[in-house]
Amino acid sequence: MACSATTRIIHNPLAISSSRSAEKSDFSCKILSPSSFWGSASLGKKLLSVNKAISPISRRSATVVAVSDVVKEKKLKSSSSVSNLLITKEEGLVLYEDMVLGRAFEDMCAQMYYRGKMFGFVHLYNGQEAVSTGFIKLLKKEDCVVSTYRDHVHALSKGVPARQVMSELFGKTTGCCRGQGGSMHMFSKEHNVLGGFAFIGEGIPVATGAAFTSKYKREVLKEDCDEVTLAFFGDGTCNNGQFFECLNMAALWKLPIVFVVENNLWAIGMSHLRATSDPEIWKKGPAFGMPGVHVDGMDVLKVREVAIEAVGRARRGEGPTLVECETYRFRGHSLADPDELRDPAEKAHYATRDPITALKKYILENKLASEAELKAIEKKIDEVVEDSVEFADKSPVPARSQLLENVFADPRGFGIGPDGKYRCEDPKFTEGTAQV
Amino acid sequence: MWGIMRQRAACKAYHALNLEQGIRAIALRAFSSSAKQMTVRDALNSALDEEMSADPKVFIMGEEVGEYQGAYKISKGLLDKYGPERVVDTPITEAGFAGIGVGAAYYGLRPVIEFMTFNFSMQAIDHIINSAAKSNYMSAGQISVPIVFRGPNGAAAGVGAQHSQCYAAWYGAIPGLKVLAPYSSEDARGLLKAAIRDPDPVVFLENELLYGESFPISDEVLDSSFSLPIGKAKIEREGKDVTITAFSKMVGYALQAADILAKEGINAEVINLRTIRPLDRSTINSSVRKTNRLVTVEEGFPQHGVGAEICATVVEDSFEYLDAPVERIAGADVPMPYAANLERMAVPQVEDIVRAAKRACYRSR
């Protein structure tokens, strides 16, 4: 695979301008070799940055703090054994449970699809759970998530019950969108999952708009609002015009958004390297005036550390961040994809870096929980998923009358008057026959 | 970039300003008349102004809406009044800012997105249709999109093929969108206010050549709570011999044609559609049942146009009442030419409507 030759480094675009660059250069001028980065056994301990010779962004605002910079600061300050760990036991178990839920759910989706219970386009997230869990578990309920068609696990991580997602996939009326959306269009107003979009790149402006709303609420409506939006999308989307338009506007207006690129190296059968002039997507952030960070997306703890900083930046009003997560999908693009173009050796390589196995290993090695506790979680998740399938199976299909519902929020088309009621119900309603 | 918001005190003085605006409109008239006159441009501006002052969640976004005072001066004065957070100048990114508007609407605001012309909306059409129009349905009612996409539509004068297309038929085909096409100042004010208050995505098709035209306007229309119903057509002129349906600029032409026809003894009924979607089928059908003849007029391309839909609906519902085939007047089936004489031939003129009406009445030679 061609990309094995390049190193993956976390880049600090402001290294030159930072006053700490002198001490940093001693510590960090180590370029990671491929073998030490990939397949690395120790998780979450190596976040190294490299001073590049030329940083054209150095003249840009010194107030923008690069993500890895601050994270490294924290690491330098942390002392010995206990505080060296990145997560507490509770956090570890939450992360583990979320990732296992994502994996078990998607595996069950595959089974159900081949049994004919699910149909159409179904895109599974196996292998990428670290990105979803790493980011979304840091959010509040009011924060928004916008995703693509590979959205089941984003919805689950955000809090949409597994039952509702499974029913939606079966096309039943108890689904989160009453069966009207489907696999690619998971919406939940309650949990602020703003979709599920089939067109790649479509979700990015929508996410930027939700971030615009947060900022507007704070500045114009004077509400106490620090809600953050996360936009998830893939490597293929990063060549699309809307992506660049939104990077520009988000940085221009300092919107509270994090652009999370799930770079799984493949857009259906198009390799990222064949499609992109410069495959290092994180570099596109600094070009627009925001930090660009690259992180190992198969390691949930690393993702979480970067996410803490990026989300924190957005919440504080410091503006957007572009985070490129190097990850991999274990299955094909969709369940209809024969997945012939990917090299089996590449797949095998990434299979050894399964994020769930890695987290399990970390938890056990650092004695955060026992094997029995993890097994109990796995069993619980199995039951949740089985229950969701049963629930979905037993749920009714939508009634025929549901076909024409929900086209409009205000179907009679007369609009809502200033008193909040449908205008056509107001007896003094003007019919436009004003005498002229 | 994000300045300080204007003091609310300035906005409270608004209601006085409203009347002042109406009176100013009178004062500007060279001739004195008892009816007030208002241009479509002022009507739109006042509607935007009133809705923005009534609801702080309404904001305007588009190219040149702020410091340039609007590409066609529709948003004149609004930047000074409401500040740059609420009148947002964007880079040239139709797909981007239309999508941002949709996302803002998903999450609770009420954006008014201006396209410099609706031709540019084709760059953003994915967002208008896929993420705005279809969302209420896809999310089963959870997420409604109270957004307005507005801008000039249709042919202007000598602007060439890429700036002259009429989009009424395209947007009119999409379930989940409401499509409005005002004609007079009263229409412009009432429909824009209704559109901004509406919880669904609305495509508001204005016309550049109508911006400068002034129409008489009553006190009722000047009231800040005035609005018109979406989905209801207006009968501009009652008649009994032939029904002529039109929208936007063509209403003016149809009224002129009706005057000419009246001299020849044909009493035409002119319907101003006002709303393309949902189409007011009942008004059209009851008019056809009265007159028994129909002429549809539109500026856009003929195939799959608004006239085609009206013809189909009348044939479905009122076939027995038709005494003559439905006559369809539309723009020529060519991209808009530039030369002035060719352009005149590519757009319906009053004579075309008169001829068609006579054909429908079996009076043509």
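A contact here means heavy atoms within 4.5 Å. By that criterion, among contacts in chain B between residues at least 6 apart in sequence, 81% join residues at least 24 apart. The model is predicted.

**Fold and dimensions of chain B**

- Chain B contains 15 helices and 14 strands.
- The radius of gyration of chain B is 21 Å, which agrees with the value near 21 Å that a compact globule of 365 residues would have.
- The C-alpha trace of chain B extends over about 70 × 55 × 40 Å along its principal axes.

- Of the 365 residues in chain B, 62% are buried.
- Chain B has an accessible surface of about 13500 Å², and carbon and sulfur atoms account for 53% of that area.
- There are 38 positive and 44 negative side chains in chain B. The centres of these two sets are 3 Å apart.

**Aromatic pair between the chains**

- Over all chains, the whole structure holds 22 aromatic pairs.
- One of the pairs is formed by Phe212(A) and Phe59(B), with 5.0 Å centre to centre and 35° between the planes, and it is classed as tilted.
- Phe212(A) and Phe59(B) are both buried.

**Aromatic pair within chain B**

- Tyr183(B) and Phe215(B) form an edge-to-face pair, because their planes stand at 75°, and the cut-off for this class is over 60 degrees. Their ring centres are 5.1 Å apart.
- Tyr183(B) sits in the loop between strand 6 (178-180) and helix 9 (185-197) of chain B, while Phe215(B) is part of strand 8 (residues 214-217) of chain B, so the pair ties together parts that are 32 residues apart in sequence.
- Tyr183(B) has a relative accessibility of 9% and therefore counts as buried, since the limit is under 20%.
- Phe215(B) is also buried, at a relative accessible area of 8%.

**Aromatic cluster in chain B**

- A cluster linked by ring pairs is made up of Phe97(B), Phe115(B), Phe118(B), Phe149(B), Tyr167(B), Trp170(B) and Tyr171(B).

Key:
Residues are numbered from 1 along each chain as its sequence is written. Chains are lettered from A and ligands numbered from 1 in the order in which they are written. This is a predicted model: local features need pLDDT of at least 70, side-chain atom pairs count only at pLDDT 80 or more; totals for chains, interfaces and linings use all residues. Side-chain values use heavy atoms; hydrogens and water are left out. Helices (H or I, at least four residues) and strands (E, at least two) are DSSP runs, numbered from the N terminus. The radius of gyration is taken over C-alpha atoms; the globule rule is 2.2 Å times the number of residues to the power 0.38. Buried means under 20% relative accessible area, exposed over 50%, partly exposed in between (1.4 Å probe, protein chains only). Accessible areas come from the Shrake-Rupley method with a 1.4 Å probe; for residues, only the protein chains shown count as cover. Lys and Arg count as positive and Asp and Glu as negative; His and the chain ends are not counted. The place of a charge is taken as NZ of Lys, CZ of Arg, CG of Asp or CD of Glu. Rings of Phe, Tyr and Trp (its six-membered ring) pair if their centres lie within 6.5 Å; planes under 30 degrees apart count as stacked, over 60 as edge-to-face and the rest as tilted.
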